[in-house]
Amino acid sequence: MYFLQRLLRRQWPFFVGVAVNFGGMADVHDALTRSKNMRAIKNKNTKPELLVRQFLHAHGYRFRLHVTNLPGKPDIVLPKYKTVIFIQGCFWHGHQPCKYYSLPKTRTDWWAQKISRNQTNDSQKQAALTALGWKVLVVWECELKPAHLTNTFAKLLWTLS
Ligand SMILES: [Zn+2]
């Protein structure tokens with residue numbers, strides 16, 4: 001019985017969520033918001049970020065994740081080194097030149113604007129962090145592909161040492 005109570009308590013937010021949907025409130029989260037939420041959740045543990053975290057951890061670096069009170073919520077924060085790391089997807093952040101960044105053939109202008117906005121955001125948040133005395137490192141997704149991994153990590157160690 002106790003187990004059941006605990007289970008119910010743990011599942012409670014889920015049941016509430018279901019109830020809300022059955023209550024016809026599904027429109028509250030339109031499809032766009034929902035997909036944004038999904039992406040936000042997924043983004044927190046993307047594989048490239050895990051690679052960097054595992055590497056840092058194996059080398060004895062202690063870090064914090066997604067620190068919300070810093071500009072741009074950096075993916076990885078190394079307080080001791082006053083360093084933050086952003087792991088950026090080549091497409092979404094417009095990495096150039098990079099084979100993983102090319103604008104889609106349809107709605108090209110829309111994509112160009114969107115990615116250009118992301119880039120502006122990136123440079124603003126990085127400038128804000130620098131102004132606060134943080135060293136900002138950007139690791140691009142393509143730099144974490146198997147062929148470049150060793151090189152990227154060597155650079156990372158060098159930068160942190
Ligand atoms: Zn790239």
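A residue is counted as buried if 20 or more other C-beta atoms lie within 10 Å of its own, as exposed if 12 or fewer do, and as partly exposed in between. By this criterion, 15% of the 161 residues of the chain are buried. The structure described here is a predicted model.

The chain contains 5 helices and 4 strands. Along the sequence, these elements follow the order α-α-α-β-β-β-α-β-α. Contacts between residues at least 6 apart in sequence were also examined, and 51% of them join residues at least 24 apart.

H3 is followed by Gly60, which has a positive phi near 80°. Helix H4, formed by residues 108-131, has 24 residues. The distance from the first C-alpha of H4 to its last is 34 Å, close to the expected value of 34 Å. Of the 24 residues of H4, 1 is buried, so this helix lies largely in the open. A glycine with positive phi follows H4 as well: for Gly133, the angle is near 95°.

The largest nonpolar core of the model has 13 residues. Within this core, the residues with the most contacts are Val52, Ile76, Val84, Ile85, Ile87 and Val139. Strands S2, S3 and S4 (135-140) each supply at least two residues of the core. The largest share, 4 residues, comes from S3.

Ile87 counts as buried because 24 other C-beta atoms lie within 10 Å, where the cut-off is 20 or more. When residues up to four places away in sequence are left aside, Ile87 touches Pro48, Glu49, Val52, Asp75 and Val139. Ile87 and Glu141 are 54 residues apart along the chain, yet their C-alpha atoms are separated by 6.7 Å. Val139, another of the core residues with the most contacts, touches Val52, Ile85, Ile87, Leu144 and Thr152, again without counting residues up to four places away in sequence.

Several backbone features occur in the loops. Between strand S1 (64-65) and strand S2 (76-78) lies a loop that includes His66. The phi of His66 is near 45°, a positive value in a residue other than glycine. His66 counts as partly exposed because 13 C-beta neighbours lie inside 10 Å. Lys73 is placed in the loop between S1 and S2 and has a positive phi of about 40°, although Lys73 is not a glycine. With 15 C-beta neighbours inside 10 Å, Lys73 also counts as partly exposed. A further feature is found in the loop between strand S3 (83-88) and helix H4, where Pro97 is located. The peptide bond joining Gln96 and Pro97 is cis, with omega about -10°.

Notes: Residues are numbered from 1 along each chain as its sequence is written. This is a predicted model: local features need pLDDT of at least 70, side-chain atom pairs count only at pLDDT 80 or more; totals for chains, interfaces and linings use all residues. Two residues are in contact if their C-beta atoms, placed from the backbone, lie within 7 Å. A nonpolar core is a set of buried Ala, Val, Leu, Ile, Met, Phe, Trp, Tyr and Cys residues joined through C-beta atoms within 7 Å. The expected span of a helix is 1.5 Å times one less than its number of residues.
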